[in-house]
Amino acid sequence: MTAPAAPSGPGQAATVRRSVIRGTGHYLPERVVTNDHFTESLDTSDEWIRGRTGIERRHFAADDQCTSDLAIAAARAALTSAGMQPDDIDAIVVATSTPDFTFPAVATMVQAGLGMTRGFAFDVQAVCAGFVFALANADGLIRAGQADRVLVIGAETFSRIMDWTDRGTCVLFGDGAGAVVLEAEDGDGTSDDRGILATDLNSDGRLKDLLHVDGGVSSTGTAGQLRMQGNLVFRHAVEKLAATAHRALDKAGLSAGDVDWLVPHQANLRIITATAQKMQLPLDKVVLTVADHGNTSAASIPLALSVANSQGRFAKGDVIVTEAIGGGLSWGSVVLRW
Ligand code: ACO
């Protein structure tokens, strides 16, 4: 989805619309659940969960909190960080697989919750890869001139689709939301521009059974529960994540040596470490939040971006790569300059 530079005449600089991150924000529910919580009801241990996944704790939404509540809190924080008001925003894109309702979209609930009276709002569903897909779509809207400012949110309540008797899945996931504000800025079409430089999106529906929810509106009429063949997903993740990151870097005209930060989907520390190794990136260039958040699906990348940004870790001009894989299987990456 890398748009070519606009044609330019002799002596005339080519301009392209880039999507620059102006602000970030996140929200984590108050309830923190440590690994020991699961040892009361399951044959598992803190040692196994930490050793196999790197997860130490996760947040779970309160009974009266829905995905839109988390998304609205993250969106408010991102708007504050960007110094913008709700009506400065032209579009809201929410990545989620755990919406409050079958419809309306969570994004329209966020729009109402923020008091926005203009613009448009819709959801994107690509499970753990959802934020990468949402970011690529928002970038497409900005490049096409459909919007100048887009609020992109990843928000999930995966605790609502867990099978609490399945130790292979229920210890992995957490709830949360993260958000970024994108704004159009003219660039000269080179990799020196700020903003999103390239995206790479992939899906392979033949692999749908590896990671799925066993219910839905038109099948069972229930929300269903998450089912995963973890070790197979693991193998696909390690193979596909480094490959998509390399493809996006290539499209941007950059290489792994140019990367200042890898902000990966936070599913499993071993997947993250293996991907960083394949990209020959030291772990001190990798943003890690998996220990504290667990796997928050589409929320994990914007959460990690927001946490790292609030710690002042990104400098203007840094090259950041995000990558994720999830149910579908769907996977992809985004390369941007901060
Ligand atoms: N505690 C103790 N033992 C466990 C637990 C647990 N919580 N969970 C599984 N085990 C056991 C298994 O039963 C198995 O036992 P057995 O050998 O007696 O049958 C053993 O541990 C090994 O199981 P594996 O599944 O092979 O373990 P693995 O090392 O692969 O780790 C894990 C499992 C953590 C799930 C890993 O496969 C993984 O992280 N997979 C990828 C998850 C992921 O990234 N998902 C994608 C994104 S999610 C999304 O899109 C919604």
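**The ligand's surroundings**

I started with the shell around the ligand: at least three residues come from each of domain 1 (16–187) and domain 2 (195–337), with bounds from an automatic or database domain assignment. I kept in mind that this is a predicted model, where local features need pLDDT of at least 70, side-chain atom pairs count only at pLDDT 80 or more, and totals for chains, interfaces and linings use all residues. Residues are numbered from 1 along each chain as its sequence is written, and side-chain values use heavy atoms, leaving out hydrogens and water.

I found 28 residues around the ligand, taking a residue as near if one of its heavy atoms lies within 4 Å. The closest are T44, R52, C128, R167 and N268.

I sorted the shell by type and got 14 nonpolar, 10 polar and four charged residues; Gly counts as polar here, and Asp, Glu, Lys and Arg as charged.

**Polar contacts**

Next I checked polar contacts (pairs of N or O atoms within 3.5 Å). An N or O atom in the R52 side chain is 2.5 Å from a ligand oxygen. From the backbone, G327 places an N or O atom 3.2 Å from an oxygen of the ligand, and a polar backbone atom of N231 is 3.4 Å from a ligand oxygen.

I then looked at cover: the protein hides 75% of the 1000 Å² of accessible area that the ligand has on its own, by the Shrake-Rupley method with a 1.4 Å probe.

**Which element gives the most?**

I noted that α6 leads, with four residues in the shell around the ligand; helices here are DSSP runs (H or I) of at least four residues.

Technical notes
Polar contact = N/O pair within 3.5 Å; in protein donor to acceptor, adjacent residues only side chain to side chain. Helix = DSSP H or I, 4+ residues; strand = E, 2+ residues; numbered from the N terminus.
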